[in-house]
Amino acid sequence: MSDTLEHAQPLTVLAEDEAIFRDSVRQFAEAQVRPLVREMDEHAKIPRSLIDRLFELGVMGIEVPESHGGAGASFFHAVLAVEELSRIDPSIGVLVDVQNTLVINAILRWGNEDLRRRYLPRLASSSVGAYALSEAGSGSDAFALTSRAREEGDTFVLTGRKLWITNGNEADIFLIFATVDPEAGYRGITAFVVERDFPGFAVGKKEDKLGIRASSTCELMLDGCRVPKANVLGEVGKGYKTAIETLNEGRIGIGAQMIGLARGALEHAIKYTKERKQFGKPIAEFQAVQHQLARAAVDVEAARLTVYNAARLRDAGKPFLTEAAVCKIFSSEVAERVSSLAVNLFGGNGFVKEYPVEKLFRDAKIGQIYEGTSNLQLQTIAKQILG
Ligand SMILES: Cc1cc2nc3c(=O)[nH]c(=O)nc-3n(C[C@H](O)[C@H](O)[C@H](O)COP(=O)(O)OP(=O)(O)OC[C@H]3O[C@@H](n4cnc5c(N)ncnc54)[C@H](O)[C@@H]3O)c2cc1C
């Protein structure tokens, strides 16, 4: 038997440390997040006290080495955390997701020792991070970005506008992509680590959204923002590589957000249909309802396997591009289907804010849009299978 086969494990069997970590996040989400879900959605805000507790829990610096103040855990741990938090509230899931799978991931992978030393301990202990690639004119076509970075002595001066930036409201540390040479196309794109109080930087309007309302989505204004050259992440002109590679991994985190959401919706539907009586018995006793719930369980199980597989491949250092695209598109479709079913099974109660499922239905939609729309995921998959 080959070495690989000897160590092959069922995808859903967790190592002891993974199981302990997953359970601690699950308990936290039940105790600390669940009571706040409706209020956070209504006020479109995550209280700072909850963010502080997420830091204390250790989920804001999951892959940060212990030497830099983090948990020194794996990408798979981050996926477990995002899944468990999103089961209760996908807005909290995405806060933690962006922090770990995009911002910290990029600094760990592309940052030199100076940047790692200056920023990783802060990100693991108190500072929220944000990842700013999109602009009004460049979404799917991300490398059409027009934010400019001009060299001036020891600094780069950044000018432009970033749009749709998750965690914009809460973040202290922003990973910003701008071009040093628009003529050079994608080869001009450079990544910068920008602090909220750098001169010329400001956070603009916050979007009023359909779903994940508590998660802030903001415009960023760069008006001659001075960034020390030491804050270039990776090499000048290689930011496109940082963006592509972090987003390939981030996509697995969105898959995790969506399977957590779908699980949450299915659990609500199971509980409700066992309690709600019509025609003299719980509606869960009607075979039509049972089959709908069973189909949803099939969807959730399949989606979860795609997410875990992509995450395990990533941690094993194996190619995962297609698997990440598959998990993102499939999990987001499953989240939409399962949360929609949950609304149906709650009947009129599914349509009102007093019950939890209409929110999950609204939250599900974002999975098909950010970190590459579903069409873009299909494009990636098609390219791989067609060669
Ligand atoms: C809540 C929220 C949070 C976000 N957070 C962040 C963040 O933290 N950082 C960040 O940088 N960005 C963020 N974004 C931006 C997000 O990544 C973009 O919205 C997304 O990539 C789509 O870009 P777009 O909105 O410009 O749509 P477009 O690119 O204009 O797409 C519109 C439609 O056209 C389709 N389309 C476009 N090109 C093609 C093609 N070649 N083939 C087939 N179909 C195509 C798309 O699939 C889509 O259906 C966020 C967005 C939202 C809504």
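A salt bridge is a side-chain nitrogen of Lys or Arg within 4 Å of a carboxyl oxygen of Asp or Glu, and a search of the whole structure by this criterion finds 37 of them. The structure is a predicted model, in which local features need pLDDT of at least 70 and side-chain atom pairs count only at pLDDT 80 or more, whereas totals for chains, interfaces and linings use all residues. Residues are numbered from 1 along each chain as its sequence is written, and side-chain values use heavy atoms, with hydrogens and water left out.

**View 1. Helix H6, residues 90–110.** Helices (H or I, at least four residues) and strands (E, at least two) are DSSP runs numbered from the N terminus. H6 has 21 residues and spans 28 Å from its first C-alpha to its last, close to the 30 Å expected at 1.5 Å a residue, the expected span being 1.5 Å times one less than the number of residues. At Ile-104 the helix bends by about 35°, an angle taken between axes fitted to the seven residues ending there and the seven starting there. Of the 21 residues of H6, 19 are buried (under 20% relative accessible area; exposed is over 50% and partly exposed in between, with a 1.4 Å probe and protein chains only). At the start of H6, a side-chain oxygen of Asp-89 comes to within 2.9 Å of the backbone nitrogen of Ser-91.

**View 2. Strand S4 and its two partners, S1 and S5.** Strands count as paired if DSSP finds at least two bridges between them. S4 (residues 171–179) is mostly covered, with eight of its nine residues buried. Strand S1 (residues 128–132) runs parallel to S4 and is joined to S4 by five bridges, with Tyr-131 standing opposite Leu-175. Strand S5 (residues 189–195) pairs with S4 in the antiparallel sense over seven bridges, and there Phe-177 has Ala-191 as its bridge partner.

**View 3. Salt bridges of Arg-109 and Arg-117.** Arg-109 and Glu-245 form a salt bridge whose closest N and O atoms are 2.4 Å apart; this pair links distant parts of the chain, since Glu-245 lies in helix H8 (residues 239–275) and Arg-109 in H6, 136 residues apart. Arg-109 is partly exposed, with a relative accessible area of 44%. Arg-117 and Asp-114 meet at 3.0 Å, N to O, and both lie in helix H7 (residues 113–125), three residues apart, about one turn of the helix.

**View 4. A salt-bridge network.** The linked residues include Arg-26, Glu-30, Arg-34, Glu-83 and Arg-263.

Key:
A polar contact is a pair of N or O atoms within 3.5 Å; within protein, one must be able to donate a hydrogen and the other to accept it, and residues adjacent in sequence count only if both atoms are side-chain atoms.
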